[in-house]
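Keep the sequence and the 3D view open as you read.

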Amino acid sequence: MGSASASAMGSASASASSLPASAGAGENLVLILDFGSQYTHLITRRVRQLGVLSLCVSGTAPLASLAGLRPRAVVLSGGPHSVHAPGAPTFPEGFLEFAAGAGAHVLGVCYGMQLLVQSLGGAVEACEKQEYGKMEVEVTARSSALYGEGEVGKRQTVWMSHGDEVVRLPEGFEVVARSVQGAVAAVENREKRFYGLQYHPEVTHSPQGMETLRRFLFDVCGIKADWKMQDVLDEEIRTIQSMVGPDEHVICALSGGVDSTVAATLVHTAIGDRLHCVFVDNGLLRYNERERVMSTFESDLHLPVTCIDASEQFLSNLKGVKDPEMKRKIIGREFIVVFDDFAHKLEQKIGKRPGYLVQGTLYPDVIESCPPPGSGRTHSHTIKSHHNVGGLPKDMKLKLIEPLKLLFKDEVRKLGSILNVPESFLKRHPFPGPGLAVRVLGDVTEGNALEVLRQVDEIFVQAIKDAGLYDIIWQAFAVFLPVQTVGVQGDQRTHSHAVALRAITSEDGMTADWYYFEREFLVDVVNKICNNVRGVNRVVQDITQKPPATVEWE
């Protein structure tokens, strides 16, 4: 990676804001302006898969913030809005002039194309024939920046999702592709460096979409593919070393998962024994999790870890709480209380109070914790507040270090491999920060819900491991449902708990599909659960994709 791009990554990761504030970054940077599409994160990922640094920011971010990053290209994402709707999001005033002056290439996708066309004096109207789903488009230009030379008349299948269409182009624009229904599918103004695609090239339903993105980035924009994990690692180490003074100490919250483990190993590489790791048993861990994790920390990672049993503190504060957002915020708050107390005791021991807290926050955590439309902060919908993003108190005494804040899960695993984190850790399924609190629907302290869930989850996950399926499944877990159902066990009527099983496949956790188990596997698992877990007489399987559902139930 070039130094400018690496600088953007380092500064963005260390920043408290989700919008990076880096001076001088952008030699090979692609900014994605998010206007609310469910596919926006996929554009970010696809660009990175092509070896180019990409950052996703609010489409209504201040112009000064965008100008400070000096991107080589800007992609305007799709969105659920109509450009004619009152309050529809738009880029900041002066953006088009900034793009022209900076020499940045602009690509509008779906809503982004319509916004670009309308802003430049073209016209967008409601479609006579709406286009949703798979659709063929035909290249209409003999020479096109997006499709190349000699492609006229050739067709490709793409994914459409629009109820409006471009009916008049701004001056200097050319139609280079149309749908089989005649709608404008792609436009270009090469002189002004403006481009537009009415379809979504980033989704797998557009098989040649990656080639179109590749052509735009490398042939049109002249960007170099220099986004490498080793450069990310080197830059993060430099950022942490410059952020943390030579005699300052840092606390790291370890959960036993991939994210916090890689974050801890990275920071330990940067500052050595001035890192103090703490593993908190909050009473919401999986079956034997505390013993297993502590053993692995000592034998495989050789990290200095203090284990704190705060289960009574967490559970007492969660008693009677049923709202999932409230549960997440309470857990986030209590974690900080524990860390502050640990920092105080550490100060007494070493004579210096730690000033920083390391967390393994990932990019999907940041994206999913964005405020909702109409809030005045961004148009993106809040899916959930992650306890280490939206659940932190404003008066927190420790300053945050989040070295993975702009990385996806698969990128974190690559980083961990470079850092020699054991394979067994890197392949662990994700586990939510709030733990089993978001897998017990309702009050987690009611009855023996946590114990029942631990046993069911252990049987399910162990069966997956025994079947050799663990590494091909992204995440698998059980959910305790707040209902009781009638059953027959031992020739007697029972009125017991129902539990759900969920297993998904995914690349990054932002979208997911449910895993299809063979019937024999499910029969065996259900029998083991009902025969070995007292109080359960019904098991259901969650076969919902993300979207519309999230991975976790709460």
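An open sheet holds 9 strands in the order 2-1-3-4-11-10-9-5-8, and their pairing is mixed. Strands (E, at least two residues) and helices (H or I, at least four) are DSSP runs, numbered from the N terminus. Two strands pair if DSSP finds at least two bridges between them. Strand 2 (53–58) and strand 8 (155–168) stand at the edges with a single partner strand each, so one side of each has no neighbour in the sheet. On average, neighbouring strands are turned by 25 degrees against each other, direction ignored.

This is a predicted model, where local features need pLDDT of at least 70 and side-chain atom pairs need 80 or more, while totals for chains, interfaces and linings use all residues. Residues are numbered from 1 along each chain as its sequence is written, and side-chain values use heavy atoms, without hydrogens and water.

Strand 5 (residues 123–139) pairs with strand 8 in the antiparallel sense, over 12 bridges. G133 stands opposite M160 in strand 8.

Now the helices. Axes are lines fitted to C-alpha atoms, for helices over the stretch in contact, and angles between N-to-C directions run from 0 to 180 degrees. Contact means heavy atoms within 4.5 Å.

| Element | Partner | Angle |
|---|---|---|
| Helix 7 (residues 229–243) | helix 8 (residues 258–271) | about 60 degrees |

The axes of helix 7 and helix 8 are 9 Å apart. The contact includes L233 and I237 of helix 7 and L266 and A270 of helix 8.
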